[in-house]
Amino acid sequence: MVIKTVELAHVVGVTTKKVPDTGLPEIAFAGRSNVGKSSLINCLIQRKSLARTSSTPGKTQTMNFYNVNNEVCFVDLPGYGYAHVQADFRASWGPMIERYLNGSDNLKAVNLLLDIRRTPNEDDSMMYEWIVNAGVVPILILTKSDKIKRSQIKKSVLGIKNALRITEETDVFLFSALDKTGREAIIGKIDEVTGINEG
Ligand code: GTP
Ligand code: MG
């Protein structure tokens with residue numbers, strides 16, 4: 001996929017009950033707050049800051065649907081696990097995400113982002129299970145790979161795979177928004193699951 005056009009097509013808040021019908025294959029991005037979901041989307045779509053990023057966790061509080069080339073839709077999901085977002089948002093987060101995962105006919109895959117330096121916690125495991133149970137393709141993306149020594153990578157990857165007890169078929173990619181490590185491989189995986197470029 002070559003990125004030609006990108007536009008923010010839908011913004012869905014916690015109070016919106018209906019999942020928008022984009023009519024396009026959708027690829028979502030999930031993970032704890034601050035893990036780098038919006039940064040990954042910006043890197044994939046080659047826009048510096050179309051998806052809003054912040055060093056303060058809890059930046060993205062709506063599901064943001066980005067129409068890419070009128071071919072595929074990237075869905076930036078609000079992150080979990082950050083204690084300081086308002087209680088009412090925390091309470092409605094789960095139902096909103098589940099409604100989307102189970103309710104969208106267009107959703108093909110969810111990229112679950114994990115900080116390569118951290119052991120996944122219960123929230124990460126729950127998210128992984130939701131993705132698998134929704135019947136969509138789970139893709140693991142280990143972010144901020146620029147922050148870890150090369151010699152530590154193998155051990156971290158193995159620790160994360162074991163903690164989540166991932167299935168054989170789950171692909172795992174390293175990613176860094178700083179040096180763009182993994183960008184091409186992730187785009188290739190998205191092409192594969194959406195059927196883009198297969199003519
Ligand atoms: P929420 O919207 O709060 O759920 O966060 P998010 O997952 O969208 O994270 P975001 O993309 O806003 O990034 C959070 C912080 O991590 C920002 O300060 C980014 O600059 C930083 N960051 C993201 N990706 C990377 C990376 O690959 N390497 C490094 N070093 N920093 C990164
Ligand atoms: Mg974000």
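**View 1. Phe 29 and Phe 74, two buried residues that form an aromatic pair**. In this predicted model, Phe 29 and Phe 74 are both buried, which means under 20% relative accessible area with a 1.4 Å probe and protein chains only. A search of the whole structure finds 4 aromatic pairs, a pair being two rings of Phe, Tyr or Trp (its six-membered ring) whose centres lie within 6.5 Å. The rings of Phe 29 and Phe 74 are edge-to-face (planes over 60 degrees apart), with 5.5 Å centre to centre and 70° between the planes. This pair links distant parts of the chain, since Phe 29 lies in strand 2 and Phe 74 in strand 4, 45 residues apart; strands are DSSP runs of E of at least two residues, and helices runs of H or I of at least four, numbered from the N terminus.

**View 2. The stacked pair of Trp 93 and Trp 130**. Their ring centres are 5.9 Å apart with 20° between the planes, where stacked stands for planes under 30 degrees apart. Trp 93 belongs to helix 2 (residues 87-103) and Trp 130 to helix 3 (residues 122-133). Trp 93 is buried, with a relative accessible area of 8%, and Trp 130 is also buried, at 16%. Together with Tyr 80, these two residues form one aromatic cluster.

**View 3. Helix 1 and the residue after it**. Helix 1 is mostly covered, with 8 of its 9 residues buried, among them Leu 40, Ile 41 and Cys 43. Gln 46, which follows the helix, has a positive phi, near 55°.

Residues are numbered from 1 along each chain as its sequence is written. Side-chain values use heavy atoms, with hydrogens and water left out.

Terms used. Chains lettered and ligands numbered in written order. Predicted model: local features only at pLDDT ≥ 70, side-chain atom pairs only at ≥ 80, totals over all residues. Buried < 20%, exposed > 50% of the residue type's maximum accessible area, 1.4 Å probe, protein only.
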